[in-house]
Amino acid sequence: DKQTDGRMQAWLGRFWLNPPYSETGEWIAALLDQITDGNAVEGFVLVNAKVESGWFDQLWSISPVICFVRGRISFVAGDGGKSQTGYYGQAIAYVGPNRAAFIDVFSEFGRLAAVLQPAEVVA
């Protein structure tokens, strides 16, 4: 329902988004809406590194830099039970004005890829 669905609420400033992997596309679309509305200004998005997905292309359109995490992240069950490792590699995308700080910190955790503007491309 609209009262508990985070996609239906206004996001206030900074955010951490780790969407249910079965609904990643819907959450990336919601993030785009939140950015357009000025609600989401800086944050991180943890997703499977499925670069062939349409939603990944949308994520690239709003994230200046993405960290492709080295190895796989282990997730702890909500009840504190056994951790599980994802089936795919993960990526953490950054949205916001502090690109240099993200690069400095996250270069330790994996390979970084940035969207280049035509003027930045070197022949």
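How are α1 and α2 oriented relative to each other, roughly parallel or roughly antiparallel?

## Helices α1 and α2

In this predicted model, the axes of helix α1, which covers residues 24-36, and helix α2 come within 9 Å and cross at roughly 25°. Angles under 35 degrees count as roughly parallel, and α1 and α2 are therefore roughly parallel to each other. The crossing in which α1 passes α2 is left-handed.

On the α1 side, the contact is made by Thr24, Gly25, Ile28, Leu31, Leu32 and Ile35, while α2 contributes Trp55, Gln58, Leu59, Ser61 and Ile62. Sorted by class, this contact of α1 with α2 has seven nonpolar and four polar residues, and no charged ones.

## The five-stranded sheet

Five strands form an open sheet with mixed pairing, in the order β1-β2-β6-β3-β7. Because β1 (13-17) and β7 (110-114) stand at the edges and each has a single partner strand, one side of each is left without a neighbour in the sheet. Neighbouring strands of this sheet are turned by 15° against each other on average, direction ignored.

Strand β3, made of residues 65-69, pairs with β7 in the antiparallel sense over five bridges, and Phe68 stands opposite Arg111 in β7.

## Helices packed on the sheet

Helix α2 (residues 54-62) packs on the sheet, where it touches β2 (40-48), β3, β6 (90-95) and β7, and its direction makes about 150° with that of β2. Helix α3, covering residues 99-106, also packs on the sheet and touches β2, β3, β6 and β7, with a direction that makes about 15° with that of β3.

Notes. Residues are numbered from 1 along each chain as its sequence is written. This is a predicted model: local features need pLDDT of at least 70, side-chain atom pairs count only at pLDDT 80 or more; totals for chains, interfaces and linings use all residues. Side-chain values use heavy atoms; hydrogens and water are left out. Two strands pair if DSSP finds at least two bridges between them. Helices (H or I, at least four residues) and strands (E, at least two) are DSSP runs, numbered from the N terminus. Axes are lines fitted to C-alpha atoms, for helices over the stretch in contact, and angles run from 0 to 180 degrees between N-to-C directions. Contact means heavy atoms within 4.5 Å. Angles under 35 degrees count as roughly parallel, over 145 as roughly antiparallel, 65 to 115 as roughly perpendicular and the rest as oblique. A crossing is left-handed if the near helix is turned anticlockwise from the far one by less than a right angle, and right-handed if clockwise. Ala, Val, Leu, Ile, Met, Phe, Trp, Tyr, Cys and Pro count as nonpolar, Asp, Glu, Lys and Arg as charged, and the others, Gly among them, as polar.
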